[in-house]
Amino acid sequence: LCKHFAHKLPVEFDPQAGKIGFPIGDCNLRADDQALQVDLTAADAAQLEQLKDVVIRHLERFAFREELVVTWH
């Protein structure tokens with residue numbers, strides 16, 4: 001996900017974590033052997049919903065061979 005957005009947005013990542021700076025908010029990622037944790041921050045609820053949509057659509061596209069289960073907290 002980080003590599004995908006790196007050509008357009010400020011991105012930092014290593015094998016276990018990453019950060020993508022979207023104009024509408026930030027996406028922080030942390031991976032382990034069991035799951036990918038995605039933490040989103042945005043200025044308001046509308047931007048947060050938009051950011052959720054962008055991130056989920058891209059994750060679904062990249063994980064098309066796997067069963068993707070998203071649980072928001």
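Student: How many helices and strands does the chain have?
Tutor: This is a predicted model, and its secondary structure comes to 2 helices and 4 strands.

Student: And in what order do the elements run?
Tutor: Starting at the N terminus, the order is α-β-β-β-β-α. The radius of gyration is 12 Å, close to the 11 Å that the globule rule gives for 73 residues, so the chain is as compact as a globular protein of that length.

Student: What does the C-alpha trace span along its principal axes?
Tutor: About 30 × 25 × 20 Å.

Student: What share of the residues is buried?
Tutor: Buried residues are 29% of the 73 in the chain. As for the surface, the chain exposes about 5500 Å², with carbon and sulfur atoms supplying 50% of that.

Student: Let's switch to the cysteines. How many disulfides does the count come to?
Tutor: The count is 0 disulfides. Cysteine 2 is in none, and its nearest cysteine sulfur belongs to cysteine 27, 7.1 Å away. A disulfide would need the two sulfur atoms within 2.5 Å.

Student: Are those two cysteines buried or exposed?
Tutor: Cysteine 2 counts as buried at 8% relative accessibility. Cysteine 27 is buried too, with a relative accessible area of 0%.

Student: Now helix 2. Which residues does it cover?
Tutor: Helix 2 takes in residues 45-62, and histidine 58 is found there. Leucine 51 is also in helix 2.

Student: What does leucine 51 touch?
Tutor: Setting aside neighbours within four places in sequence, leucine 51 is in contact with Phe22, Ile24, Gly25, Asp26, Leu40 and Thr41. Leucine 51 counts as buried because its relative accessibility is 0%, and the cut-off for buried is under 20%.

Student: How far is leucine 51 from threonine 71?
Tutor: In space, 15 Å from C-alpha to C-alpha; in sequence, they are 20 residues apart.

Student: And histidine 58, buried or exposed?
Tutor: Histidine 58 is buried, at a relative accessible area of 10%. Not counting residues up to four places away in sequence, histidine 58 touches Leu1, His4 and Phe5.

Student: Okay, charges next. How many salt bridges are there?
Tutor: The count comes to 2 salt bridges. In one of them, glutamate 49 pairs with lysine 52, and the closest N and O atoms are 3.4 Å apart. The other joins the side chains of aspartate 53 and arginine 57, at 3.0 Å from N to O.

Student: How are those partners placed along the helix?
Tutor: Glutamate 49 and lysine 52 are 3 residues apart in helix 2, so about one helical turn separates them. Aspartate 53 and arginine 57 both lie in helix 2 as well, 4 residues apart, about one turn of the helix.

Student: How accessible are aspartate 53 and arginine 57?
Tutor: Aspartate 53 is partly exposed, with a relative accessible area of 41%. Arginine 57 is partly exposed at 39%. Glutamate 49, from the other pair, is partly exposed at 47%.

Student: Last one: which residues make the nonpolar surface patch?
Tutor: Leu68, Val70 and Trp72 make a patch of about 240 Å². Tryptophan 72 lies in the segment after helix 2, and tryptophan 72 is partly exposed, with a relative accessible area of 36%.

Notes: Residues numbered from 1 in each chain as written. Predicted model: local features only at pLDDT ≥ 70, side-chain atom pairs only at ≥ 80, totals over all residues. Heavy atoms only, no water. Buried < 20%, exposed > 50% of the residue type's maximum accessible area, 1.4 Å probe, protein only. Contact = heavy atoms within 4.5 Å. Patch = residues over 30% accessible without salt bridge, like charges linked within 9 Å, V, L, I, M, F, W, Y side chains within 5 Å. Areas by Shrake-Rupley, 256 points an atom, 1.4 Å probe, with all protein chains shown as cover. Salt bridge = Lys/Arg side-chain N within 4 Å of Asp/Glu carboxyl O. Rg over C-alpha atoms; globule rule 2.2 N^0.38 Å.
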